[in-house]
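Subject: A structure for you to look at

Hi there,

Here is the structure I promised to pass on. Please open it first, and then read my notes alongside it.

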Amino acid sequence: MRMAPTGKVKRERVRVKQWYQRRVRGRTTSKGRMSKDKDRVGLWNEEAQDITPKFEAVLKEIFTEFDQDKDGALNDDEINNYFKACNDGKPIDEDSLQQIRENFIDSEKKEKNLTFGGFVSMYCMQTGGDESETWKDLEKLGYDENLKKKSSQSGSEKK
């Protein structure tokens, strides 16, 4: 069951959608497939103004894979492991980690770690800004152009 976004996640999605509309209007079909690259499944659904359900399901798989302590949030070490998997083993720098804390961790709820909602917001922002960067991450994590895992090796095993 897909739950509706709430609070900060919903506000962030609305902001990203508005920016995305201004920047790349006309580049997607209503089904979420990028019209300039018909070989890849779409990540953004223009009609719904949101990421596609298939992409959100993949983000949930990725998030769950890197949530090693299974507490429902990524702590700094888990975020670092995720970034290493996406960036050829290069750890996240302190400035980038601070930006994630400031923009995607809800301090009003006294959260200290990155929840799935924050993770989705982070990807809404990146995908709206440059979908090719999101595809680079997905490929590094072992996903193909149809958002299917290419092999049994997981991203967290590449640490």
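A few ground rules before the details. This is a predicted model, in which local features need pLDDT of at least 70 and side-chain atom pairs count only at pLDDT 80 or more, while totals for chains, interfaces and linings use all residues. Residues are numbered from 1 along each chain as its sequence is written, and side-chain values use heavy atoms, with hydrogens and water left out.

**Confidence**

The pLDDT (the predictor's confidence in each residue, from 0 to 100) has a mean of 79 over the protein chain, and 70% of the residues reach 70 or more. Residues 19-36 fall below 50, although this stretch has 40 contacts in the model beyond near neighbours in sequence; a contact means heavy atoms within 4.5 Å. Residues 154-159 also stay under 50, with 17 contacts beyond four places in sequence. Where pLDDT is low, the predicted coordinates should not be read in detail.

**The chain as a whole**

Of the 159 residues in the protein chain, 44% are buried. I use buried for under 20% relative accessible area, exposed for over 50%, and partly exposed for values in between (1.4 Å probe, protein chains only). Among contacts with a separation of 6 or more, 53% join residues 24 or more positions apart.

Helix H2 covers residues 53-66, 14 residues in total, and reaches 20 Å from its first C-alpha to its last. That is close to the 20 Å expected at 1.5 Å a residue, where the expected span is 1.5 Å times one less than the number of residues. Its buried residues are Phe55, Glu56, Val58, Leu59, Ile62, Phe63, Glu65 and Phe66.

Helix H3 is largely enclosed by the rest of the structure, because 8 of its 11 residues are buried. These are Glu78, Ile79, Asn80, Asn81, Tyr82, Phe83, Ala85 and Cys86. What do they pack against? The buried residues of H3 pack against H2, S3, H4, strand S4 (114-115), H5 and H6.

**Phe116**

Phe116 is found in helix H5 and counts as buried, at 18% relative accessibility. Leaving aside residues up to four places away in sequence, Phe116 touches Glu56, Leu59, Lys60, Phe63 and Gly72. Its C-alpha is 9.9 Å from that of Ile105, 11 residues away along the chain.

**The second largest pocket**

A pocket is defined on a 1 Å grid over the protein atoms alone, as an open set of points where a 1.4 Å probe fits, with protein on both sides within 12 Å along at least five of seven lines; lining residues have an atom within 4 Å of a point. The second largest pocket holds about 450 Å³ of space, the volume being the space filled by probe spheres set on grid points that are joined across faces, edges and corners.

Its lining has 20 residues, with Phe83, Asn87, Ser96, Met122 and Gln126 nearest the centre. Helices H3 (76-86), H4 (94-104), H5 (116-129) and H6 (131-140) each supply at least two lining residues, and H4 gives the most, with 5. By class, the lining has 9 nonpolar, 5 polar and 6 charged residues. Here Ala, Val, Leu, Ile, Met, Phe, Trp, Tyr, Cys and Pro count as nonpolar, Asp, Glu, Lys and Arg as charged, and the others, Gly among them, as polar.

**Some single residues**

- Lys136 is found in helix H6 and is partly exposed at 46% relative accessible area. Its C-alpha is 9.3 Å from that of Asn87, at 49 residues apart in sequence.
- Lys70 is in the loop between H2 and strand S3 (73-74). It is not a glycine, yet has a positive phi of about 55 degrees, and it counts as exposed at 54%.
- Asp88, in the loop between H3 and H4, has a positive phi of about 50 degrees, again without being a glycine. Asp88 counts as exposed at 65% relative accessibility.

Happy browsing!

Conventions:
Helix = DSSP H or I, 4+ residues; strand = E, 2+ residues; numbered from the N terminus.
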